[in-house]
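Dear colleague,

Please find below the structure that I am handing over to you.

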Amino acid sequence: MSDRKDVIIEVKDFTAKYGDTVIIDDISFEVIKGEIFVILGGSGCGKSTLLKHMIGLYKPARGNIIIKGEDITKAEGRDRIDLLKKIGVAYQLGALFGSMTVLENVMLPLEEYTDLSRDARHLIGRMKLALVGLEGSEGKMPSELSGGMIKRAALARAMALDPEVLFLDEPSAGLDPITSAELDQLIIQLSRSLGVTFVVVTHELNSIYTIADRVIMLDKSTKNIIAAGDPEYLRDNSTIPVVQKFFRRQTDEQLGAQN
Amino acid sequence: MKDHEAAFSPPSVEASKDQDNTLVLKIKGRLDVYSTGKIWKDSSYELEKSTPRKLIINGEGIEYCDASGIALLIELRLIQEKKGGVFELRGLSEDNERLYKLFNFDLLAKPEGEGKPPSGNIVERVGKTSWEMLEELRVHIYFTGRVTFGLLTAALNPFKIRWKEVFVTCEKFGANSLFIIALVNFLVGLVIAFQSAIPMQQYGAQIFVADLIVIAYFKELGPLMTAFVVNGRSGSAFAAELGTMKVNEELDALDTMGLDPVNFLVVPKVLAALFMLPLLTVFGNLFGLLGGLVVILSMGFTFQTYINQITASGTYTMLLAGLFKTLFFAVLIAGVGCLSGMRASRGPSAVGDAATTAVVTGIILMIVVDGIFGVIYYILGI
């Protein structure tokens, strides 16, 4: 396990494959407790694949993913459940259960894993919804919500068990700029007030500059981490063409003309 | 990790009451989502029991507190303030204080938001339901018209039909269901023959089992059993397919491309059903008769006797009358399946509901149509 106390997730020598196709080839990085850590990269670079391995949905071809001292790639049965209770995941399309109201969605993990009374679960569920600005929508069905509300409800459900790490898959994809900016502010607020560690997959530049404490950028051709660090620093100082293009939203021609 | 958690003590609550009706609750230990439940009941019980004028929460002993712990504090405040009492929170650490202030108490004090308002009184509901039924009928009539029109247009321009789609559907609808249709009809024929043989034996009329089977099969059982099986298999599949397309906005995409979903999707399916269902019914009849044959042979009659008996009482008119009905069944199965799919609503159960509606509506309508044909054939003397 890690020596430094403030490392909450450690990814070591990690390789991911689909069949024989290598998606990510031997990467290692750490996520520090309390930070907003962003995984970024162009389409098809393996961002979502990495995230799905980090939350234990897939087994890696090689390597370890250690969350709070426990290896999620090896944990099974009881240990795996205990580990999963420490993380929360908000999926790209919300993945709210369509047959339950918004409040019931948030209350579901509380019902399954705690001995809280019904009233207590109700209040906690409503508090989580209030936290993401969804007070007043408790009794609605997911199909009655707008895109932004679905993402916020998914975030509230991910936070139901007060996890220490929240994983968000493309939180601002498909949202209008205002809703997307609001969601970014919400993430920052939650991170600062609750001290939750965020691992966010996104390729929305504005979001990245607003929320990210630290980023890693994955690259499709090398199948590896091509850049890591503060996004503004990378934008201004990186000499790698792919990174420059990404942060400045440029094509090859534009970049060539500039240099 | 586990040692880390063990460093905190389990939560506890201690109540003490002053003279001037003030209740002091001392909360200690680790308040997280798993442990808070243990003291939730105790603390709210203490509060409900004593109804103090003033409630003081002493949080000095709280070692760790997450949003669920804060929920307990808010709950106690809600109870206290609902009764008009005074609430005071003392000794909370800076972190926990900040967390506590994060939640808007006034919002939580309000009743929670409801979904759709419940519908009105009984008169209103009866009216609404009747209107919905009429609306349903209108949609069916309208859809029947559109499909009929689509079929006529297709008949006038046979080159415009998507024949590839028709043949693929023929394979799925017809060829792939041949086995189950053979099996079901064989077994039904066998069972009917066997059950009727027992009482007929009392009158020495066993040989008429053959007549019974052939008449029942040609006129009713063959067409109906085959149509039911196909309805369950393909009607639901059509509904699921079009329902998924509806949910994925594929139907809207067709619409905006100027392609009529009825002509593009429904007509090939209806055509395939029209081709295949009579053929399947022929096989159904054959296997039903084979089922009867097994019983006849087991009663000691010869194969030739069975054939003679069948050809004597079964007529071509009978057979064709039965097959003619299946054309209507075919349109019903494909049409109802497609319509249910196209009318699927949003949400995760939409496709499942559409498939159920397709099968149930299909069966009911087929029975009705079969009844109408029964009357017509009786009048015609078939």
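The notes that follow describe the contact between the chains, the nonpolar cores, and several helices and strands.

This is a predicted model, in which local features need pLDDT of at least 70 and side-chain atom pairs count only at pLDDT 80 or more, while totals for chains, interfaces and linings use all residues. Residues are numbered from 1 along each chain as its sequence is written, and chains are lettered from A and ligands numbered from 1 in the order in which they are written.

Contact between the chains. In chain B, 30 residues are in contact with 28 residues of chain A (two residues are in contact if their C-beta atoms, placed from the backbone, lie within 7 Å). On the side of chain B that touches chain A, two or more residues each come from helix H2 (36-50), helix H3 (67-82), helix H4 (94-102) and helix H5 (105-109) of chain B. Helices (H or I, at least four residues) and strands (E, at least two) are DSSP runs, numbered from the N terminus.

Nonpolar cores. A nonpolar core is a set of buried Ala, Val, Leu, Ile, Met, Phe, Trp, Tyr and Cys residues joined through C-beta atoms within 7 Å; a residue is buried if 20 or more other C-beta atoms, placed from the backbone, lie within 10 Å of its own. The largest such core has 95 residues, and Val38(A) and Phe167(A) touch the most other members. Beyond its neighbours within four places in sequence, Val38(A) is in contact with Val200(A), Thr202(A), Ile208(A), Ile211(A), Ala212(A) and Val215(A). Another core, of 63 residues, lies apart from the largest one and includes Cys170(B) and Tyr306(B).

Helix H1 of chain A. Six of the eight residues of helix H1 (residues 47-54) of chain A are buried, among them Lys47(A) and His53(A). Just after H1(A), Gly56(A) takes a positive phi of about 80°.

Strands. In chain A, four strands form an open antiparallel sheet in the order E2-E1-E4-E5. Strand E2 (21-32) and strand E5 (70-71) of chain A each have a single partner strand, so one side of each is left without a neighbour in the sheet. Strands pair if DSSP finds at least two bridges between them. E1 (residues 7-18) and E4 (residues 62-67) of chain A pair over five bridges, and Glu10(A) has Ile66(A) as its bridge partner. In chain B, strands E1 (residues 12-17) and E2 (residues 22-31) pair in the antiparallel sense over six bridges, with Lys28(B) as the bridge partner of Ser12(B). Four residues lie between the strands of this hairpin, where Asn21(B) takes a positive phi near 55°.

With kind regards

Terms used. Buried ≥ 20, exposed ≤ 12 C-beta atoms within 10 Å, placed from the backbone.
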